Structures are given as C-alpha cells and as structure tokens.
Amino acid sequence: MTATRVLVLNSGSSSVKYQLLDMRDSSRLAVGLVERIGEETSRLKHTPLAGGGESREREEPIADHEAALRALAHELTADGLGLDSPELAAIGHRVVHGGLKFTEPTVITDEVLAEIERLVPVAPLHNPANITGIRTARSLRPDLPQVAVFDTAFHTTMPESAARYAIDVQTADEHRVRRYGFHGTSHAYVSRKTAKLLGKAPEDTNVIVLHLGNGASASAVRGGKCVDTSMGLTPLEGLVMGTRSGDLDPAVIFHLARVGKMSIDEIDVLLNKKSGLIGLCGDNDMREIRRRVDEGDEEAALAFDIYIHRLKKYIGAYYAVLGRVDAIAFTAGVGENAAPVREAAVQGLEELGLAVDGALNSVRSDEARLISPEYARVAVAVVPTDEELEIAAQTHALISDRNA
C-alpha cells in the first residue's frame with residue numbers, strides 16, 4: 001500500500017495548527033488547533049472530516065509543544081488516523097524563514113535543523129516555535145520523513161535589484177540584511193490558481209497577488225516566479241496591516257528613541273503590535289472598521305483610506321515592475337471576504353485596465369472566481385488561499401520523487 005497522507009503542522013509560540021490530508025484527491029481528513037500552550041488552561045479543538053465526524057473540544061493544561069503533539073496524535077488515533085498509520089507518508093512543517101539557502105521544500109536532517117536555528121536572529125518570533133514543532137515531531141516519529149516548507153522560498157527568485165536594500169553591501173551581507181518576503185506558500189498557490197482560472201499556464205501569466213489578512217503582503221509574479229514582494233527582512237515592511245505599520249521612514253525610529261525616549265523594545269512593540277489599523281482607529285477587524293465607516297465614524301474612515309492608499313500604491317508599483325499584468329488576485333481573510341476593500345483598491349485605475357463588477361464583487365463564495373467585467377483588460381480575481389494544501393502538496397511531491 002502506497003502511503004498518501006501528509007500531516008501539516010504549523011507551530012507557533014503558543015499554538016499548533018494541524019491538518020491531515022490525503023494527497024490522492026487533496027481531501028482533508030482532520031483539522032485542529034491546540035492553543036494557549038503553557039498556560040494554566042490550554043484548548044484543543046479537533047474536527048474529523050472523514051466520515052463527517054463532529055468536532056471535539058477540551059480545555060486542560062498542555063505544558064509544552066511535545067504535550068500538544070501528543071494530544072493531537074491522541075485525537076487522530078481516536079479517529080483511526082494516528083501517527084503510526086502506514087498510510088502516513090510524511091509530516092510537512094511550515095517554517096517561516098529559510099534565508100537564501102532554502103529555495104524549495106527540504107527534507108529535515110540535523111544539518112537542516114541547525115541552519116534553521118542559525119536563521120533565528122532574522123526570525124526571532126517565528127523560527128524558534130517552528131524548530132520546537134520539528135523536534136517534537138521527529139521525536140514522536142523518527143522513522144518518518146519530515147519536510148520543511150519555507151514561507152520565504154517562493155520569493156528567492158527575486159532579482160538582486162529587488163531584493164537588496166541600498167545600504168553598505170558588506171554590512172548587509174554580514175548581517176543578512178535584504179528583502180526575503182513572507183506568505184510565500186500563499187503567493188505560490190494563489191498565483192498558480194489564478195493562471196488556471198484564466199485558462200493559462202503559470203509560465204505565461206503575470207499576476208499581482210494581494211494577500212490581505214491581519215498580516216498583509218503583495219507580490220509581483222512574472223511567469224510563475226516572484227520578482228518583487230512587499231515584506232522585507234521581516235514581515236513589518238509593506239502594506240498597512242492589522243497591527244503592523246508597514247512602510248515607514250526609518251528615521252521615525254531614531255526620532256522616537258531620541259525625542260520620545262523610547263527603548264528599541266518599546267518601538268518594536270509599537271510598530272509590530274500597536275500600529276496599522278489598530279493604531280489608527282483601535283480596531284484591526286476589517287468588518288468592524290467597515291461597520292464604523294458606514295455609521296459615519298471619521299477615525300475608521302481615515303484608517304480605511306490609509307489602508308487603501310497604500311494598497312493602490314503597491315498595485316501601481318507592481319504593474320510597473322511587471323509591465324504586463326494579466327490579473328490581480330485578492331486572497332486571505334480580508335482579500336477573500338471584504339468586497340469594499342476590493343472595490344476601493346481598483347477604483348480610479350480604469351486607465352490601467354482595472355475594474356470591478358459590483359454584482360460579481362458582492363457574491364460570497366469559497367470558489368476562485370473573477371469579479372471584473374468582461375470588457376476589463378486586466379482580470380480581477382478572488383482566489384481563496386490554501387497554504388496547508390500547498391505545504392502538503394510540496395511535501396508529498398518531494399517524498400514521492402525521493403521514493404521514485
């Protein structure tokens with residue numbers, strides 16, 4: 001019997017998201033979340049999807065990631081989907097930062113894990129949690145292939161002219177300072193799905209992907225390869241986000257330190273957790289912001305306008321980078337669900353061939369779809385992202401090639 005199942009793990013600092021997929025038909029067998037790991041009361045929610053089982057939830061102390069993985073393994077076993085199943089081909093791990101070394105999915109060895117650890121200084125919030133999840137999973141199934149799929153990998157095709165900052169080259173190289181980009185699995189999946197939606201091959205399609213969630217990023221994808229992206233050394237650069245400022249004059253940091261007497265750590269927290277939409281209007285939920293806008297709230301309206309202004313700047317910039325654009329694709333929580341954001345983002349860009357059909361834009365659907373009128377020169381699409389499926393697919397393809 002050929003093993004076709006892949007368990008996808010996304011380990012955060014205090015949580016583990018997981019999905020078990022069968023790659024024969026890309027179906028989900030189970031999904032779940034363990035959160036508040038290490039707190040007095042942790043929570044596990046597990047939903048078996050094969051056979052239509054009901055969700056199970058429990059709250060109890062879960063001390064660490066090893067306990068979390070054992071708990072989720074127990075839930076999978078209860079549904080006949082345990083980690084000891086001969087049908088489990090591999091475990092795929094989301095790893096946020098792979099630097100320049102990891103340009104594709106990689107089977108995890110001790111050497112690979114050591115390199116991921118060396119990248120912790122450029123991903124201090126994410127890579128340590130990813131490493132913990134990998135170590136725990138390897139201890140539970142040391143015989144099973146474990147694969148790292150990197151958020152940064154899709155963006156390693158950027159030319160140096162897009163990836164380098166205009167600072168002293170020696171300093172930049174010594175400290176690995178360059179634009180890496182993030183949300184890469186989403187941008188890869190969505191750009192490919194957009195090409196399929198247009199009936200074109202990815203290598204013949206130019207797409208601007210707008211991944212708009214609490215974290216947000218844009219990418220310019222030419223012929224299936226990323227040539228520019230909005231996030232940089234860290235996920236702070238680029239678009240206005242839920243709690244992150246996005247693009248900022250670097251001198252603001254010096255000003256806050258010298259004049260505001262703020263410490264580096266205080267500024268870090270300000271820009272990453274107290275800025276963006278929540279800093280502008282006190283809300284980072286686009287649904288709530290739009291409700292407030294509709295009720296005449298001027299603070300929310302200004303926050304929305306700043307968000308859209310930045311988004312339009314990137315659409316225009318990436319249009320220029322690509323030269324020819326076949327489609328703009330909206331994805332992630334805001335991109336997939338906030339019709340007013342999509343409408344406002346392309347409003348006034350008719351000279352670039354962009355337009356949104358109001359009726360099509362208002363339809364809610366889980367399917368990839370076009371929302372532009374037939375006459376539009378550039379297609380505008382809504383393409384639900386599926387990062388877990390992308391991780392599973394890359395993991396399974398790698399393992400299958402090794403076993404061929």
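This is a predicted model: local features need pLDDT of at least 70, side-chain atom pairs count only at pLDDT 80 or more; totals for chains, interfaces and linings use all residues.
Is C281 buried or exposed in this model? C281 is buried, with a relative accessible area of 6%.

## Cysteines

C226 also counts as buried, because its relative accessibility is 0%, under the 20% limit. C281, at 6%, falls under that limit as well.

A disulfide is a covalent bond between the sulfur atoms of two cysteines. With a cut-off of 2.5 Å between cysteine sulfur atoms, the count of disulfides in the model is zero.

Helix α1 spans residues 65-78 and helix α3 spans residues 127-140. Their axes lie 9 Å apart and the packing angle is about 55 degrees, which makes α1 oblique to α3. The crossing of the two is right-handed. On the α1 side the contact is made by H65, E66, L69 and R70, and on the α3 side by T132, G133, T136, A137 and L140. Sorted by class, this contact of α1 with α3 holds three nonpolar, four polar and two charged residues.

Helix α2 (residues 110-118) also packs on α3, with axes that come within 10 Å and cross at roughly 160 degrees. An angle over 145 degrees counts as roughly antiparallel, and α2 and α3 are therefore roughly antiparallel to each other. Their crossing is left-handed. From α2 the contributing residues are D110, L113, I116 and E117; from α3 they are N127, I131, I134, R135 and R138. The contact of α2 with α3 divides into four nonpolar, one polar and four charged residues.

## Helices α11 and α13

Helix α11 covers residues 298-322 and helix α13 covers residues 339-346. The two axes come within 9 Å and cross at roughly 55 degrees, so α11 and α13 are oblique to each other. The crossing of α11 and α13 is right-handed.

Helix α11 contributes F304, Y307, I308, L311, K312 and I315 to the contact, and helix α13 contributes P340, V341, A344 and A345. By class, the contact of α11 with α13 has nine nonpolar residues, no polar residues and one charged residue.

L76 is part of helix α1. With a relative accessible area of 1%, L76 is buried. Apart from neighbours within four places in sequence, L76 is in contact with L7, L20, A30, H46, L81, G82 and L83. The C-alpha atom of L76 is separated by 30 Å from that of A153, which is 77 residues away along the chain.

F150 belongs to strand β8 (residues 146-150). At a relative accessible area of 2%, F150 is buried. Its contacts, leaving aside neighbours within four places in sequence, are V95, H97, G98, F102, E104, T106, I116 and T185. One of these, I116, is also among the α2 residues in the contact with α3. F150 and D297 are 147 residues apart in sequence, and their C-alpha atoms are 41 Å apart in space.

S26 sits in the loop between β2 (15-22) and β3. Its phi is near 60 degrees, a positive value in a residue other than glycine. S26 has a relative accessible area of 31% and is partly exposed.

A332 also has a positive phi, of about 75 degrees, although it is not a glycine. A332 lies in helix α12 (residues 332-337) and is buried, with a relative accessible area of 7%.

E40 counts as exposed, because its relative accessibility is 72%, over the 50% limit.

E40 and P61 are 21 residues apart along the chain, and 5.5 Å separates their C-alpha atoms.

Methods. Residues are numbered from 1 along each chain as its sequence is written. Side-chain values use heavy atoms; hydrogens and water are left out. Axes are lines fitted to C-alpha atoms, for helices over the stretch in contact, and angles run from 0 to 180 degrees between N-to-C directions. Helices (H or I, at least four residues) and strands (E, at least two) are DSSP runs, numbered from the N terminus. Angles under 35 degrees count as roughly parallel, over 145 as roughly antiparallel, 65 to 115 as roughly perpendicular and the rest as oblique. A crossing is left-handed if the near helix is turned anticlockwise from the far one by less than a right angle, and right-handed if clockwise. Contact means heavy atoms within 4.5 Å. Ala, Val, Leu, Ile, Met, Phe, Trp, Tyr, Cys and Pro count as nonpolar, Asp, Glu, Lys and Arg as charged, and the others, Gly among them, as polar. Buried means under 20% relative accessible area, exposed over 50%, partly exposed in between (1.4 Å probe, protein chains only).
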